[in-house]
Amino acid sequence: MAIAYNPHLIPSETTNVPKPIMTTSSPLSQDELKKIAAYKAVEFVESGMVVGLGTGSTAKHAVDRIGELLQQGVLTNIVGIPTSLKTQEHACACNIPLSDIETHPVIDLAIDGADEVDPDMNLVKGRGGALLREKMIEIASKQFVVIVDESKVVEYIGRSGLAMPVEIVPFCWKFTLGKLELLFEEAGCVGKLRTYDENGEIFVTDNKNYTIDLYFKKSIGDLRIASDAILRIPGVVDHGLFIDMATTVIVAGEQGVTVKNKS
């Protein structure tokens, strides 16, 4: 379970929630908080920008908002770079012009959600299944704005007890899973091949790979050392540790929106 929101974990500027978004005095749902964070992130988008479009329930609100502002003429000449086939389909439905990083190798701004955010703005991403494309696009971005609700703020990566995904090739996946578990044995790691809940079939990424979800009972320690060790395992494509990539983190909570910028 994710820890309760502690504003001291992200010591930053706090701004009031925009009135058009927050229209009720009753407790806000998690999805409403996601929408607040997403709308705040879209304020960073300017006409003429190439924008990386994230994947997942939080990023979806940002895509919706960009499409809405384009339709209103508030934003013009935007080019979107989707991080998944699902986002590509949704962005097309929102009439956002799209391209790719081969055509636009330098991206002005990327907006995406995260599954965990630690005090140093390191992230876990990929529970939505798009970590490789997300990382490729977001590492090519001049600015990477991360949008989360307050439940995603953690003391350390892995603290939530939820999955840290690793994308692997299908060949001999059990061998790779075993190597990953052994690597983090001291952290009480258990790895599971991701499958669909409804039918038990193996989840396949947009890149035709499998995903191993790692669950930890303790901290995995130095994230850079952990990252390097994971990538040295044969069969690993990439992992959901996004270290020192975020330039801005926006957290929406009951008390408002907190914005932290990288030093």
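The model is predicted: local features need pLDDT of at least 70, side-chain atom pairs count only at pLDDT 80 or more, and totals for chains, interfaces and linings use all residues. Residues are numbered from 1 along each chain as its sequence is written, and side-chain values use heavy atoms, with hydrogens and water left out.

**Exercise 1.** Determine whether Thr211 is buried or exposed, and list what Thr211 touches.

Solution. Thr211 belongs to strand S10, residues 210-215 (strands are DSSP runs of E, at least two residues; helices are runs of H or I, at least four; both are numbered from the N terminus).

Step 1: classify it. Thr211 counts as buried because its relative accessibility is 2% (buried is under 20% relative accessible area, exposed over 50%, partly exposed in between; 1.4 Å probe, protein chains only).

Step 2: list the contacts (heavy atoms within 4.5 Å). Leaving out residues up to four places away in sequence, Thr211 touches Pro165, Val166, Lys192, Leu193, Arg194, Phe203 and Thr205.

**Exercise 2.** Work out the strand order of the open sheet and find which strands stand at the edges.

Solution. Step 1: the four strands are ordered S9-S10-S8-S11, with antiparallel pairing (two strands pair if DSSP finds at least two bridges between them).

Step 1: S9 (190-193) and S11 (236-239) are the edge strands; each has a single partner strand, so one side of each lacks a neighbour in the sheet.

Step 2: look at one pair. Strand S8 (residues 164-168) is joined to S10 by five bridges, and Glu167 has Thr211 as its bridge partner in S10.
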